[in-house]
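Please take a first look at this protein model.

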Amino acid sequence: MAVWALGINHHTAPLDLRGRFAFALDQIAPTLHGLRQSLAQGAGRHPDVETAIISTCNRTEIYCAAEAPALDHTLDWLASSGGVSPSLLRSHSYTLESGLVARHAFRVASGLDSMVLGEAQILGQMKDAVRAAEGAGALGTTLNQLFQRSFAVAKEVRTSTDIGAHSISMAAAAVRLAGQLFEDLSKIRVLFVGAGEMIELCATHFAARNPKQIAIANRTLERGEKLATRFGGQVMRLADLPDHLHEFDAVVSCTASTLPIIGLGAVERALKKRRHRPIFMVDLAVPRDIEPEVKQLEDVYLYTVDDLASVVQTAQAHRQAAVAQAEAIIDAGVQSFMHWMELRTPAAGPSGGVVPLIRQLNTQTDEWRALEIARAKKLLAKGEDIDTVLEALSRGLTQKMLHGTMAELRAGDAETRAQTAQTVSRLFLRSSSRNGL
């Protein structure tokens, strides 16, 4: 099997381009179905291709496994799904094959490729993506091994190193930036737009600073009420947000909307009602929740996920030793995965790879064993002496197992027989020589 990956992330692509390729979790199954159909019908024709998609605010990555790689076709498909030219996507993307795929997946799972070095959220997002691929029937043995090993490596990195000890999360970074604008966070009113995992994390960090008011705006009141109750806050419908925006000093938004939900006009009206008192805004959504033009307003301090990069990179020096340890763990994981892949690589000749050959050997020896046991049972039923039956059983098994070997030793020319003799000695006489027999 060939393994390949295609991706864009916060290192290679700007926020707005990443937004074109953001897939909500409930979109993963139909998207994978479309990708697999495209690969099956394309020039490469991969009817049994395995696929998975990881899509977060910082990255969208496609992982595939099939008999032969189809990187160009995968890139063309993704470009079409995002409505951009293949050349544009190629200039902002990265493609990986074989062991480089494993290394990248292991680094992503371990938090080494995140904007927040060592952050743990990506591991949960990867597990969600794998479950979605499994549910869509798109995950096979090869990718399943790749991701399960990714999770195992990530666990070892987190338990064996201090990679996450000094990390600053996006939520903590948002609070830090708010603290630079407002002298006392206990005197501000904070609005959270959305009710997902990231908003819950941000609300937890802000709540620790005891703000004057916390409110949750969400499309469905039930989920918003659950989160608001936890933090002693209020809840409102998303549709009512423009009428209440002026009441809040800080706004943190992260929804799965495909279009901005806070427009320039709504913010301008809010500023007018506030008599131009400043508003601190954080847009953690990809695609954006807040129109980018809002950043140009004089009394608005708007930060996106990419704007937070300089904040979350603090304490970098303290993590270098942990990174080196993590990379060593990842190296070992990559070697283990590639060895697993090599065992499944077809060898020359009709017998195929090592694993199929092992299965064939086990099947053949099971058949021989079953035949000899059945013969032994018949002899016992006739009243034959048990020692005589056991002797016949062991002799019958030995003859069956050595028949092919003996035939090969007698066949061919002298040079072939000599090579066969060396192989047979290595396979059958090694343990005896070690034991001095």
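Strand β5 (residues 189-193) and strand β6 pair in the parallel sense, with five bridges. Two strands count as a pair if DSSP finds at least two bridges between them. Helices (H or I, at least four residues) and strands (E, at least two) are DSSP runs, numbered from the N terminus. This is a predicted model, where local features need pLDDT of at least 70 and side-chain atom pairs count only at pLDDT 80 or more, while totals for chains, interfaces and linings use all residues. Residues are numbered from 1 along each chain as its sequence is written, and side-chain values use heavy atoms, with hydrogens and water left out.

**Around strand β6**

L191 stands opposite A215 in β6. From β5 the chain passes through helix α9 (residues 197-207) to β6, and this β-α-β crossover is right-handed. Right-handed has a set meaning: with the strands pointing away from the viewer, the path from the first strand over the helix to the second runs clockwise.

On another side of the pairing list is strand β7 (residues 234-237), joined to β6 by four bridges and running parallel to β6. Here the bridge partner of A215 is Q234. The chain goes from β6 through helix α10 (residues 221-230) to β7, again in a right-handed β-α-β crossover.

How many residues of β6 (residues 213-218) are buried? Six of its six are. Buried means under 20% relative accessible area, exposed means over 50%, and partly exposed lies in between (1.4 Å probe, protein chains only). Q213, A215 and A217 point one way, I214, I216 and N218 point the other way, and all are buried.

**Strands β9 and β10**

β9 and β10 pair in the parallel sense over five bridges. M281 stands opposite L302 in β10. In a regular strand the side chains alternate between the two faces of the sheet.

**Domains**

| Domain | Residues |
|---|---|
| domain 1 | 2-166 + 318-344 |
| domain 2 | 170-314 |
| domain 3 | 354-425 |

These bounds come from an automatic or database domain assignment. The centres of domain 1 and domain 2, taken over C-alpha atoms, are 30 Å apart. Their contact (heavy atoms within 4.5 Å) takes 14 residues from domain 1 and 15 residues from domain 2.

Domain 1 and domain 2 bury about 1,300 Å² between them, with 58% of it on carbon and sulfur atoms. Buried area is the accessible area (1.4 Å probe) that two parts lose on being put together, summed over both. L15, M115 and Q121 supply 44% of the area that domain 1 buries against domain 2, more than any other three residues.

Two salt bridges are counted between these domains. A salt bridge is a side-chain nitrogen of Lys or Arg within 4 Å of a carboxyl oxygen of Asp or Glu. D16 forms a salt bridge with R288, where the closest N and O atoms are 2.6 Å apart.

**Backbone spots**

The peptide bond from V286 to P287 is cis, with omega near 0°. P287 sits in the loop between β9 (279-283) and β10 (300-304).

S98 is not a glycine, yet has a positive phi of about 55°. S98 lies in the loop between β4 (94-97) and α5 (99-109). Its relative accessibility is 38%, so S98 counts as partly exposed. R275 also has a positive phi, near 55°, and is not a glycine. R275 is in the loop between α12 (264-273) and β9. R275 counts as exposed because its relative accessibility is 76%.
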